[in-house]
Amino acid sequence: MRAMVLYEHGGLDRLTYEPNYRDPTPGPGDVILRIGACALNYHDVFTRKGMPGIKVPLPLIVGNDAAGEVVMLGPEVRGFEVGDRVLVDPIERVKGGLLGETLDGGLSELIRVPAYMLIKLDPAVSYAEAAALPVAYGTAHKMMVLRGGIKAGEKVLVLGASGGVGTCCVQLAKQAGATVIACASSDAKLARLRELGADIGINYATTDWVAECRRLFGRAHVYDKESGGIDVVVNFTGGDTWTKSLRVLRRNGRLLTCGATAGYDPAEDIRFIWTFELNIIGSNGWRREDILVLLDLVKARKLTPALHPRRFSIAEAGDAMALLDDRGVLGKVIVEP
């Protein structure tokens, strides 16, 4: 089969296109899928480069998010048939692990997964839409709904809004009835984010977003509980945006975080946290329930996964990942064998 294989950590040149890589064979309880779509995530970039403290078995086929068709059943598989359309929940919730990190992922024609990692797909949901959901949209749904409790009437600022997690946060906040402020690096991205539900767009490449938020919504004051500020800041970038996020929150505001793509060890200013009684809320990963809810929303056309318009072949997967490296893409990048 064709596959994009990682033999050693490093740059894009460490991804090797193999036109005749070994086909997977099913063990007891396993299913072989023919990949219909694989969606890339920043986690795939981190896996390629190597992550401190996480040992990746090499060689490895990367790609966390995959959807496709069942083409072979191993012994003891129940509940699935050849021809079923399915989405893989990338977390191995029985033995531990993650697709595309400890298990071969979706940048290939075929993949072997335990049957219990599969979710059946409604015909109304395409492979590309389904593959876009688990890592990014599932993470966003858990953070915004279960952990963040976004409510109607709140003001929600989404930093890094043009990525997979960000585009979902924008849509979920809008569905909840919030006023959504999206930050992105270009006017073109902001125009698309407005189509997805953002009420206000701030180009952080040309505008001081902290000053703009304070101009629009005021700022918190120590002794005035009704003073201004933003109710919720969604910050999964970290880096130099972390302390700035604290500066725009209202009293008792919430900062939601599920990652640190721009740096996990930022400068901190805890004066804001105690002075304005701020709430720092972490959210890790997603639940199977989050994926099921998202699939229902897509089926009902109440949520639209933001997909990059170009589709990439397996041989072009390096070009696809380069878009994530350069942070020049809005929405999910899809590889279709």
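Phe 217 is buried in this predicted model, with a relative accessible area of 18%, where buried means under 20% relative accessible area, exposed means over 50%, and partly exposed lies in between (1.4 Å probe, protein chains only). Phe 217 belongs to helix α6 (residues 209–217); helices (H or I, at least four residues) and strands (E, at least two) are DSSP runs, numbered from the N terminus. Leaving out residues up to four places away in sequence, Phe 217 touches Lys 155, Ile 181, Ile 200, Gly 228, Gly 229 and Ile 230, a contact being heavy atoms within 4.5 Å. Gly 166 lies 51 residues from Phe 217 along the chain, and their C-alpha atoms are separated by 21 Å.

Residues are numbered from 1 along each chain as its sequence is written, and side-chain values use heavy atoms, with hydrogens and water left out. Because the model is predicted, local features need pLDDT of at least 70 and side-chain atom pairs count only at pLDDT 80 or more, while totals for chains, interfaces and linings use all residues.

Strand β12 (residues 230–234) comes next. In β12, 5 of the 5 residues are buried, so this strand is largely enclosed by the rest of the structure. Which strands pair with β12? Strand β9 (residues 155–158) runs parallel to β12, and 3 bridges join them; two strands pair if DSSP finds at least two bridges between them. Within this pairing, Val 158 stands opposite Val 234 of β12. Strand β13 (residues 249–257) also pairs with β12 in the parallel sense, over 4 bridges, and Val 232 has Arg 254 in β13 as its bridge partner. Together with helix α7 (residues 242–248), β12 and β13 make a right-handed β-α-β unit. Right-handed here means that, with the strands pointing away from the viewer, the path from the first strand over the helix to the second runs clockwise.

Setting aside neighbours within four places in sequence, Met 144 is in contact with Gly 149, Ile 150, Val 156, Cys 169, Leu 172, Ala 173, Val 234 and Leu 256.

Helix α4 (residues 164–175) has 12 residues and reaches 17 Å from its first C-alpha to its last, close to the 16 Å expected; the expected span is 1.5 Å times one less than the number of residues. Of these 12 residues, 10 are buried, so α4 is largely enclosed by the rest of the structure. Among the buried residues of α4 are Cys 169, Val 170, Leu 172 and Ala 173. After α4 comes Gly 177, whose phi is positive, near 95°.

An open sheet of 3 strands has the order β2-β1-β4, with antiparallel pairing. Strands β2 (15–18) and β4 (60–61) stand at the edges, each with a single partner strand, so one side of each is left without a neighbour in the sheet. Strand β1 (residues 3–6) is joined to β4 by 2 bridges, and Leu 6 has Leu 60 of β4 as its bridge partner.

Charged side chains complete the picture. The whole structure holds 21 salt bridges, each a side-chain nitrogen of Lys or Arg within 4 Å of a carboxyl oxygen of Asp or Glu. Arg 288 and Asp 89 form one, with their closest N and O atoms 3.0 Å apart. This pair links distant parts of the chain, 199 residues apart: Arg 288 is in helix α9 (residues 288–299), and Asp 89 is in the loop between β6 and β7 (110–114). Is each partner buried or partly exposed? Arg 288 is partly exposed at 23% relative accessibility, whereas Asp 89 is buried at 0%. Arg 287 and Asp 290 also meet in a salt bridge (2.7 Å, N to O). Here Arg 287 is partly exposed at 26%, and Asp 290 is buried at 0%.
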